[in-house]
Amino acid sequence: MTLLQVENVGFAYGKGRAVLEDISFDVPRGANVGLVGESGSGKSTLLRLLLGLDSPQRGRILFDGAPLDARDRGYMRGYRRQVQAVFQDPYSSLNPAHRIRRIVTEPLRSLKIPGDHRQMAEAAITSVGLTPDTLDRYPHQFSGGQRQRIAIARAIVARPALLLADEAVSALDLSTRVRVVDLFRQIARDMTMVFVSHDMGVVAALCDRIVVLDRGRIVEAGDTAAILKNPQHPYTQSLLSSIPRMPDAAQPQDPT
Amino acid sequence: MTLLSVENLTLATRDARLVEDLSFTIAPGERFGLIGESGSGKSLTSLAVTGLLPQAIRATGRITLDGTEVTGAPESRLTALRGSAVATVFQEPLTALDPLMPLGRQIAGPVRRRLKREGADTAAVAAEVRALMEQVRLPDPDRLLRAYPHEVSGGQRQRVAIAMALACRPKLLIADEPTTALDVTTQAEIVTLLLDLVRERGIALLFISHDLAVVGQVAERVMVMRHGRAVESGTAAQVLTAPRDEYTRTLVAAARRFDDALEGRG
Amino acid sequence: MSDTAAPATRRSNPIHWLGYGLVGVIVLIGLISFVWTPYPLSDMAGGRLEAPSWEHWAGTDRLGRDLFTQLMIGARIALVVGCGAVLIGGSIGVVTGVLAAFATRFADDALAAVFDILIAFPTLLIAMLVVAAREEASLGTAILALGIGLSPIVGRVTRILTKRVLSQDYITAARVSGTGWGAIVIWHVLPNIAPFLGVNLALQFGLAVMAEASLSYLGLGAPPPNASWGRMLQEAQGTVYTAPWGAVLPGLALFVLVIGVNLLADSLRDRFDPTRRER
């Protein structure tokens, strides 16, 4: 059962060179798909298209069988109830003038979701590992890792079917990164996730399927295990071989 | 016969101590890694070594570089040290390079300064610049000499920054997160380049990073910093495979998590 | 990138209290003028050009009117003009500035150029044009003129501040949360530009008061019997050597108000900065 279908999507800003070309992939319901690419790969643009912030010039995106029409406001309201996002910079993604409660309940208000918003906010904030009194404070009182958790709480408060993450752990320290990745794993059990990242290690730890982007095109896609063990495309191969590894515990590594 | 000696270094502002009681040494030609997350004080330490601390931070303790004391030294003495004894490559080449100056002129700057310092003929500057560009493996030197920083890739900018650092013929090269802002494929190239260059020239290297695996590839000895204090030090192999300190163990475990995931041992 | 919260420092600045004090005194005097003044404004019973004394605390002008009364009413007028001009100029400026920030590249460049051209005109000149267009000099005209005169500066500052806010991820997050642009402007943009904008508006207040005094000095401001400080200066021109207090005192009053407002402006930023709450 496919939740998201991207079909031959192409996009360019203005009349410039195409940023994305002939992008096609599927996201089955319940899957965790990693979108891996370095700078200039087009992964951020693809994410914007999936969020309905821009429209593809070629091809189309299907969500739950229906085409994503970013210009149809009624449709988008329904779409946003189903699709939410977490962004890269924890210091820029929370409005410094708002209390956390206001930040976390914003999707509920804007999308007119019925129910007890206070209770839903509390449930969301505890599910990301923070205490309810967090809701009374301001963003500047929290660290990067905590802010990212708050951003995740905001993304899941409306119980979306699909969660999109844009380099959501890249700006975090190593020790925090591990904890937030674990949080994502936990959350991903109940929903479908598309995780955009340049970090293969993170994607490998989190996703069961990988789509590799190079300069606006998909060069390889498949199960994580298969790609890690047997990368087919030279770009994927060089990507994997370039990643510095920790020295082996058995044989201390001699820097070459 | 140490090249750099840091003894009981404490860096403090009016309200807080940013680095506390830090001590380490680097021998000539040695590759030393400083590992820490943000807020650990690692970058401040490198600024202290070159005498570039902001005004608001007071340094106590002793830093001796190439026989000269850095702590409390007047600016004139520090200026003489910078370039001849030590040069730095920073994290973000886009801000480390002058955006309004062609790359050729930027590399020529330190070259000219060094030639003047040695009393040599400044007519040799152009040849030296080309030689440096070759050594850092920059392709298409004719185009790059006239190009501006924003017209070339991040990896190429970092190579230019390395060329500028090498132009000074320093005894110690400080690299502060030099690969963090780069793509992973470019990272590997820059790391190899740095290693080759310092080995060929016998330059000592102070490599600062939060990425344990990269430090493991580059450094012989490492020190782990947390909240301004050194929590563990030793050989790279030892610290990264059998850490003793609690915090280091969490870091190493975290790094191994992602390593294992890449090996398919999710 | 750290996992510990960043500490914020609070500076309690005694200079700010001076600002509040100076402005407070003027406001108080202005308010009192509504219910009491030492003499009625048009009372010309006093001697001509008398020096300050127990009967006339600030002396009298060349028509025998009490100067202290005029100072008090001048305070009221200065405050009304300042507030009115800032209200008008602020409204026009903020609206145009926010709209400009949303404009697409070409329109944005054009609007930025318009702002810059208007700013290049002296505020006073624009004010004079408005007064001439209305063909009458009155307090209302002066306020309108000054408000229009200072709106391009407010517009330009608002545009820059708004653009900076729009580039933040929390705006994208709000859109993804389904928030419409109108709500984004009201709840996300305005609260975050308010601190800096507030400082700017406070400074414009001082400028408006000075500009009104200039207008009145030129005879373009509120006509008699409104006793603006500027008009007091104009009337005292001829006798500045024989009866200096007639010029010094309104000049001093202007100085006190404008300095006070400038000092206050700096403290406003700290007040409104959301990162200083609960620290």
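**Notebook: sheets, a kinked helix and chain contacts**

I began with chain B, where I found 4 strands forming an open sheet in the order β2-β1-β4-β5, with antiparallel pairing. Strands here, like helices, are DSSP runs numbered from the N terminus, with at least two residues (E) for a strand and at least four (H or I) for a helix, and two strands pair if DSSP finds at least two bridges between them. At the edges of this sheet I noted β2 (17-26) and β5 (68-69) of chain B, each of which pairs on one side only.

Before going further I wrote down that this is a predicted model, in which local features need pLDDT of at least 70 and side-chain atom pairs count only at pLDDT 80 or more, while totals for chains, interfaces and linings use all residues. Residues are numbered from 1 along each chain as its sequence is written, and chains are lettered from A and ligands numbered from 1 in the order in which they are written.

**Entry: pairs within the sheets of chain B**

I then looked up how β5(B) is held, and found that strand β4 (residues 58-65) of chain B pairs with β5(B) in the antiparallel sense over 2 bridges. In this pair T64(B) stands opposite E69(B) of β5(B).

Chain B also has an open sheet of 6 strands, in the order β6-β7-β8-β3-β9-β10, and here the pairing is mixed. Its edge strands are β6 (86-89) and β10 (229-235) of chain B, each pairing on one side only. From one strand to the next the twist averages 15°, where axes are lines fitted to C-alpha atoms (for helices over the stretch in contact) and angles run from 0 to 180 degrees between N-to-C directions. As an instance of parallel pairing I noted strand β7 (residues 172-176) and strand β8 (residues 204-209) of chain B, joined by 5 bridges, with A175(B) opposite F207(B) in β8(B).

**Entry: chain C and its helix α7**

Why did I stop at helix α7 (residues 181-217) of chain C? It spans only 46 Å between its end C-alpha atoms, whereas a straight helix of 37 residues would span 54 Å at 1.5 Å a residue; the expected span is 1.5 Å times one less than the number of residues. Looking along α7(C), I found a kink of about 50° at A194(C), shortly before the proline P195(C), the bend at a residue being the angle between axes fitted to the seven residues ending there and the seven starting there. After α7(C) comes G219(C), with a positive phi near 85°.

**Entry: where the chains touch**

I next looked up the contacts, two residues being in contact if their C-beta atoms, placed from the backbone, lie within 7 Å. Between chains B and A, 31 residues of chain B are in contact with 28 residues of chain A. On the side of chain B that touches chain A, α11(B) gives the most, with 10 residues. By class this side has 15 nonpolar, 10 polar and 6 charged residues, where Ala, Val, Leu, Ile, Met, Phe, Trp, Tyr, Cys and Pro count as nonpolar, Asp, Glu, Lys and Arg as charged, and the others, Gly among them, as polar.

The contact between chains A and C takes 31 residues from chain A and 25 residues from chain C. Here the largest share of the side of chain A, 3 residues, comes from α3(A), and the residues of this side divide into 13 nonpolar, 12 polar and 6 charged.

**Entry: confidence**

Finally I checked the scores: the model has ipTM 0.91 and pTM 0.85. By pLDDT, the predictor's confidence in each residue from 0 to 100, chain A has a mean of 92, with 97% of its residues at 70 or more, and chain B averages 90, with 99% of the residues scoring at least 70. For chain C the mean is 84, and 92% of its residues reach 70 or more. I marked residues 1-10 of chain C with care, as the pLDDT there is below 50, although this stretch has 27 contacts in the model beyond near neighbours in sequence.
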